[in-house]
Amino acid sequence: MNVKRYTGGNMTEIMARVRRELGSDAVILSTKSLRQPGFLGFFMRPLTEVAVAYEDLPARNPHDKGGRKNKKPMTNQEKAVAIAREVVAAQHERAAQEAREQAVAAAAAQEGERVSAREQQAREQAAIVQRKAEQAKAALHAGKTVPPAGKPAQAGVKAAPTAAAPPAPVTAPAPAGKAGDGTAVLADLTARLERFGEMLSHIAQKVDAPLEPSAAQEHAPAMQPFLQQLLALEVQQDLAHAVISRAEESMRQSGGAPREAVRAVLVEALGKPSPIKLTPRKQTVVMLCGPTGVGKTTSLIKLAAQTVVKHDVKAGLINADTYRIGAKEQIAAYADILQAPLRVVYDLDDLPAAMAEMAGCDVVFIDTPGKKPSDESHKSDILRIMQACSPDLCLLAISASTSNVAAREVMRHYQFLAHYGLLITKMDEVPSAASAINARFFSKMPLAYVAWGQDVPGDLSAADPQRIADALLGDGTAW
């Protein structure tokens, strides 16, 4: 039995590689999510890691056309022993992974990281693995084989660093003996499973333990004013500490003034903006979505007007937001000014026809209905619109006045979108630019635009990391 790890962007990509390299007999032992390395890993979608168990195929006799057909079948007891050994090997691999994760968590503490809101999920995952171990043990006691899981195991628990002593490691299973020694082997494997259960309980207790103040959060006196500045502006606490830690590291390596070091890290964290990109002789479709009341329709009109004026192209407008009072009249008035065709869609089944009417437009802007993000029907509507219109760019609009807790929830509910750009609206209603960097931190998506005021086509621009960083440090004016 061999174990191999695969890392990729998603499970579909990884499973295609597994089937191609190992065939359909490979067994998934575990899956987990990995934060990408480096400071910018804060702002990137995590990778997926899958541990796969497989057996080396026996050398094939060229005269044996049946391949495996002549292999001597295993007895039921031999099957039970083999499967039990696989279970223990998988548990051993998981225990080793937990040790690696604890080391990663300890290193992350040096950058000011803290255990995130996934603690509850971690506890649930630990309970799932505990149940799997108990089921395997019960099956072994009953002399039955353990069927493969119907789906991949969940990721291992990422435990917070703690002073508690770690449990004894699970050792590798002993070599298999003769068929007559099966009872002793089963007893040994059962004992190993029990020790692994104790290890899982230990990990769950560490997850439940309260976080202690990290020494990594004790920054140099010269950096304290900048930390307090970021926290006062309501930059997410974990992010603020990580920015200051990264700035301190930069100063140790290359010197420089504290303010410039912090500013450089903020610009790096904000990333390269991702505004609309037009392609000659190809229609570009832009879709706006987001919660209700964040200013999607006004922002769409500003974007359309700026695009027409700046690039001298023909724009078309599709309004699928028929819930908000006045939205139809507002967008119709500006469509007339821009001499842009407008189609109001009351039934999403009419979207293909609406898109066909926009065949002569260089760029098409689509306004979507705003609803509570957790509304499942809203998710279904957005996906239907995307399927019918195939947007080149999706913009998620969120108000700058949204609290950190609410903003995190918005990003969580829009995780079904594979990629989008952030449009931060109502920047003039808050005294801080913290919402821009927080939204990027929560979503791991690029900034695209910031909007403020009601002036059309003004009061909207592509996100400028330099200006946002200056505003966060009090060196620039707010919107």
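The largest cavity of this predicted model is lined by Ile-398, Ser-399, Thr-402, Ser-403, Asn-404, Ala-407, Ser-435, Asn-438, Ala-439 and Phe-442, a cavity being a set of points on a 1 Å grid over the protein atoms alone where a 1.4 Å probe fits but cannot get out, and lining residues having an atom within 4 Å of a point. Residues are numbered from 1 along each chain as its sequence is written, and side-chain values rest on heavy atoms, with hydrogens and water left out.

The structure holds 1 cavity of 30 Å³ or more, and about 60 Å³ of space lies in the largest cavity, the volume being the space filled by probe spheres set on grid points that are joined across faces, edges and corners. Its lining divides into 4 nonpolar, 6 polar and no charged residues, where Ala, Val, Leu, Ile, Met, Phe, Trp, Tyr, Cys and Pro count as nonpolar, Asp, Glu, Lys and Arg as charged, and the others, Gly among them, as polar. Strand E8 (393–399), helix H12 (404–413) and helix H13 each supply at least two lining residues, and the largest share, 4 residues, comes from H13; helices (H or I, at least four residues) and strands (E, at least two) are DSSP runs numbered from the N terminus.

Helix H13 is largely enclosed by the rest of the structure, because 10 of its 10 residues are buried, that is, under 20% relative accessible area, with exposed set at over 50% and partly exposed in between (1.4 Å probe, protein chains only). The buried residues of H13 include Arg-440, Phe-441 and Phe-442, and their cover includes helix H6 (237–254), helix H7, H12, strand E9 (421–425), strand E10 (447–451) and helix H14 (465–472).

Ser-443 is found in H13, which spans residues 434–443, and counts as buried at 8% relative accessibility. The side chain of Ser-443 reaches the backbone oxygen of Ala-439 at 2.8 Å, and a polar atom of this side chain lies 3.1 Å from the backbone nitrogen of Met-445. When residues up to four places away in sequence are not counted, Ser-443 touches Met-411, Tyr-420 and Leu-422, contact meaning heavy atoms within 4.5 Å. Just after H13, Lys-444 takes a positive phi of about 65°.

Elsewhere, His-378 lies in helix H11 (residues 376–389) and, at 1% relative accessibility, counts as buried. Leaving aside residues up to four places away in sequence, His-378 touches Gly-290, Pro-369, Lys-371, Lys-372 and Tyr-414. Over the protein chain, which has 14 helices and 11 strands, 44% of the 479 residues count as buried, and residues 24 or more positions apart account for 76% of the contacts with a separation of 6 or more.

Technical notes:
This is a predicted model: local features need pLDDT of at least 70, side-chain atom pairs count only at pLDDT 80 or more; totals for chains, interfaces and linings use all residues. A polar contact is a pair of N or O atoms within 3.5 Å; within protein, one must be able to donate a hydrogen and the other to accept it, and residues adjacent in sequence count only if both atoms are side-chain atoms. On a 1 Å grid over the protein atoms alone, a cavity is a set of points where a 1.4 Å probe fits but cannot get out, and a pocket is an open set with protein on both sides within 12 Å along at least five of seven lines; lining residues have an atom within 4 Å of a point.
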